[in-house]
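Visitor: I would like to learn how to read the features of a structure. Please take one at a time, with the general idea before the case.

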Amino acid sequence: MARQKTGIVELDAMLRGGFLERDAVMVAGSAGTGKTTLALQHLVNGITKFGEPGIYLTFEQLPDQIYRDAENFGWDLKKLEEQDKFRLVCTSPDLLLEPDGAGQLLDSTIKEIQPRRMVIDSLNHLEMYLPHGGDMRKEAYRILNYIKTKGISPLAIWETQQSAGQAFSVTDVGMSFLVDCILLLKFVEIESAMRKALVIMKMRGSDHEKELKEYAITPQGFKIQGSFSEYEGVMSGSPHKVASERFVDMFQKASEKHKGGLSH
Amino acid sequence: MSANQLFQSMLSSEIKGDLLVLFHKNPGLIDSLDGVARRIGRVGTAIQADVQDMVNVHILGTRQIGGREILFLDRSGDKAAQETIMNYLKNVRGSTE
């Protein structure tokens, strides 16, 4: 089965080679977890490493902010646009929700650069602009299918609320079933510091890594750093060390105390 | 429209300046009149006349979505307008030196 790599080596390993081509992917997480960075890196790597042009569709953030943020990671989006490998499209969600909105907004750009990847940032904005009585799931389904029928793999960003200890839910409107793969990004508090965790919640038709992984946003972009093997309860947002690690900690502290006592 | 008229037209209002900056910094912007206005801190009715001027000289293009007119940067028209203004300014500078 054809795979679409993110170009982030450790993440592609977690995905057993990459996303499945034409799968709809959702990257969900609260504000500041790095969803935009991951999505942009997926597009940039697609162009520079795998020869797959891409479109970034944004509603709220103006393109010039995204150009600037990308430059901080060494990604020259304007140069990629000049090379007709990338387009940053900014519009209002209510236009995309019009019956022929997707076609009118995107067809000419799609013809121009023949993209293989598209990021939608974010589905939350579509929900905000739904007309009264509108069904978010139906609209999201329609738009994702429009993108897929053009031979493009969509990656949709969804901002979740971050509440420690709350039962986990990817979306408030039950859209998990609409997408083929869900990556969840989450803050976790460990020893009074906020660290970040990534988990693959779902991947239709493929095996995937089940373990939570720690990641960081580095000057080079999104980087997976390791696992949280010493901790449990990471999904709660406030994990604690596993019993064996707590025992080791207690033993080490007792040992240091004992040494301190002997030296007096 | 002559080069001089184009130049004077672009300088004639602050709104045109704001619109030029907005679309040059964000060439991928495609939005309704109200959406564009909101992004420069104004309302649609306040920018309508200036937008029409810029459509007339092909700096901005228009399209219909759901009965609403949407605006986008006409990249070739904008480039031509920039070249016209640049050449005009070079001629003006040349004739005054």
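Guide: Helices (H or I, at least four residues) and strands (E, at least two) are DSSP runs, numbered from the N terminus. In chain B these come to 5 helices and 3 strands, in the order α-α-β-α-α-β-β-α along the sequence. The C-alpha trace of chain B spans about 50 × 25 × 25 Å along its principal axes. This is a predicted model, in which local features need pLDDT of at least 70, side-chain atom pairs count only at pLDDT 80 or more, and totals for chains, interfaces and linings use all residues. Residues are numbered from 1 along each chain as its sequence is written, chains are lettered from A and ligands numbered from 1 in the order in which they are written, and side-chain values use heavy atoms, with hydrogens and water left out.

Visitor: How much area do chain A and chain B bury between them?

Guide: The size of an interface is often given as the accessible area lost when the parts come together. Here buried area is the accessible area (1.4 Å probe) that two parts lose on being put together, summed over both. For chain A and chain B that is about 1,600 Å², with 47% of it on carbon and sulfur atoms. Of the area that chain A buries against chain B, 30% comes from A:Leu62, A:Leu95 and A:Gln104, more than from any other three residues. Counting contact (heavy atoms within 4.5 Å), chain A gives 22 residues and chain B gives 19 residues.

Visitor: How many salt bridges are there between chain A and chain B?

Guide: A salt bridge is a side-chain nitrogen of Lys or Arg within 4 Å of a carboxyl oxygen of Asp or Glu. The count between the two chains is 2. One of the salt bridges joins B:Arg68 to A:Glu98, with the closest N and O atoms 3.0 Å apart. By class, the side of chain A that touches chain B has 10 nonpolar, 5 polar and 7 charged residues. Ala, Val, Leu, Ile, Met, Phe, Trp, Tyr, Cys and Pro count as nonpolar, Asp, Glu, Lys and Arg as charged, and the others, Gly among them, as polar.

Visitor: Which element supplies the largest share of the lining of the largest pocket?

Guide: Rolling a probe the size of a water molecule over the atoms shows where empty space is left. On a 1 Å grid over the protein atoms alone, a pocket is an open set of points where a 1.4 Å probe fits, with protein on both sides within 12 Å along at least five of seven lines; lining residues have an atom within 4 Å of a point. The largest share, 4 residues, comes from H2 of chain A. The lining divides into 6 nonpolar, 9 polar and 5 charged residues.
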